[in-house]
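Colleague: I am new to this structure and would like to learn how to read it. Could we go through some features one at a time?

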Amino acid sequence: MLAVQNDVRRFAALDDVDRAILTELTADGRLPNNALAERVGVAPSTCLTRTRALRECGAIRGIHAEVDPAAVGLPLQALVSVRLTAHERAAVDAFRARSVRLPGVVSVFHVAGAEDYVLHVRAASGDALRDFVLDHLAVDPVVQHTQTSLIFEQARGVG
């Protein structure tokens with residue numbers, strides 16, 4: 001909880017220019033510094049300094065390529081909800097540590113509600129997705145229940 005409070009305080013110090021830089025980089029992480037500076041209305045040197053500071057404070061955690069899953073042979077995407085049998089910190093932490101290393105896992109979300117985790121998974125086919133659930137989740141002794149929802153379409157939000 002203290003780490004969350006520290007992050008809130010640290011990020012509360014961001015001003016309108018910082019927020020504009022984050023908005024522009026979220027839309028296009030490959031935007032050259034000169035173009036970014038022009039869009040946010042500051043000098044290129046100021047923009048570069050601000051962007052570096054945003055990286056150093058952790059507001060920018062990385063710049064990533066958005067790859068078409070079909071182009072890499074994984075056209076099927078799903079959200080797999082997972083309910084755990086035990087909720088002791090060690091069991092929860094161990095499941096998270098294992099799940100992020102599973103083949104095809106894009107993201108792991110620890111969530112509130114009836115389920116404990118939601119895994120965003122990519123697979124080559126329906127059979128491969130079924131095998132993923134059976135081979136990696138159904139056999140895990142800490143997993144009580146899974147529910148798989150296929151993703152028909154994914155649209156990226158702006159923020």
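Modeller: Start with a single residue. Glutamate 115 lies in the loop between S2 and S3. Keep in mind that this is a predicted model.

Colleague: Is glutamate 115 buried or exposed?

Modeller: The cut-off for buried is under 20% relative accessible area. Glutamate 115 has 15% relative accessibility, so it counts as buried.

Colleague: Which residues is glutamate 115 in contact with, leaving aside its neighbours within four places in sequence?

Modeller: They are Ser81, Val82, Arg83 and His145. With arginine 83 there is a polar contact between the two side chains, at 3.1 Å.

Colleague: Now the sheet. How do strands pair in general?

Modeller: Strands of a sheet pair through backbone hydrogen bonds, and the pairing is either parallel or antiparallel. Here, four strands form an open sheet in the order S2-S3-S1-S4, and the pairing is antiparallel.

Colleague: Which strands stand at the edges?

Modeller: S2 and S4 do. Each has a single partner strand, so one side of each has no neighbour in the sheet. From one strand to the next, the twist averages 20°.

Colleague: Where is serine 107 found?

Modeller: Serine 107 belongs to strand S2, which covers residues 105–110. Its relative accessibility is 25%, and therefore it counts as partly exposed. Apart from neighbours within four places in sequence, serine 107 touches Val118, Leu119 and His120. For a distance along and across the fold, take serine 107 and arginine 122: they are 15 residues apart along the chain, and their C-alpha atoms are separated by 9.9 Å.

Colleague: On to the helices. At what angle do the axes of H2 and H4 cross?

Modeller: Helix H2 (residues 16–27) and helix H4 (residues 44–56) have axes that come within 10 Å and cross at roughly 80°. Angles of 65 to 115 degrees count as roughly perpendicular, so H2 is roughly perpendicular to H4.

Colleague: Which residues meet in that contact?

Modeller: From H2 there are Val17, Asp18, Ile21, Leu22 and Leu25, and from H4 there are Cys47, Arg50, Thr51 and Leu54. By class, six are nonpolar, one is polar and two are charged.

Colleague: How do the axes of H3 and H4 lie?

Modeller: The axes of helix H3 (residues 33–40) and H4 come within 8 Å, with a crossing of roughly 100°. That also makes H3 roughly perpendicular to H4. Asn33, Asn34, Leu36 and Ala37 of H3 meet Pro44, Cys47, Leu48 and Thr51 of H4. This contact has five nonpolar and three polar residues, and no charged ones.

Definitions and conventions:
Residues numbered from 1 in each chain as written. Predicted model: local features only at pLDDT ≥ 70, side-chain atom pairs only at ≥ 80, totals over all residues. Heavy atoms only, no water. Helix = DSSP H or I, 4+ residues; strand = E, 2+ residues; numbered from the N terminus. Buried < 20%, exposed > 50% of the residue type's maximum accessible area, 1.4 Å probe, protein only. Contact = heavy atoms within 4.5 Å. Axes fitted to C-alpha atoms, helices over the stretch in contact; angles between N-to-C directions. Parallel < 35°, antiparallel > 145°, perpendicular 65-115°, else oblique. Nonpolar A, V, L, I, M, F, W, Y, C, P; charged D, E, K, R; others polar. Polar contact = N/O pair within 3.5 Å; in protein donor to acceptor, adjacent residues only side chain to side chain. Pairing = 2+ DSSP bridges.
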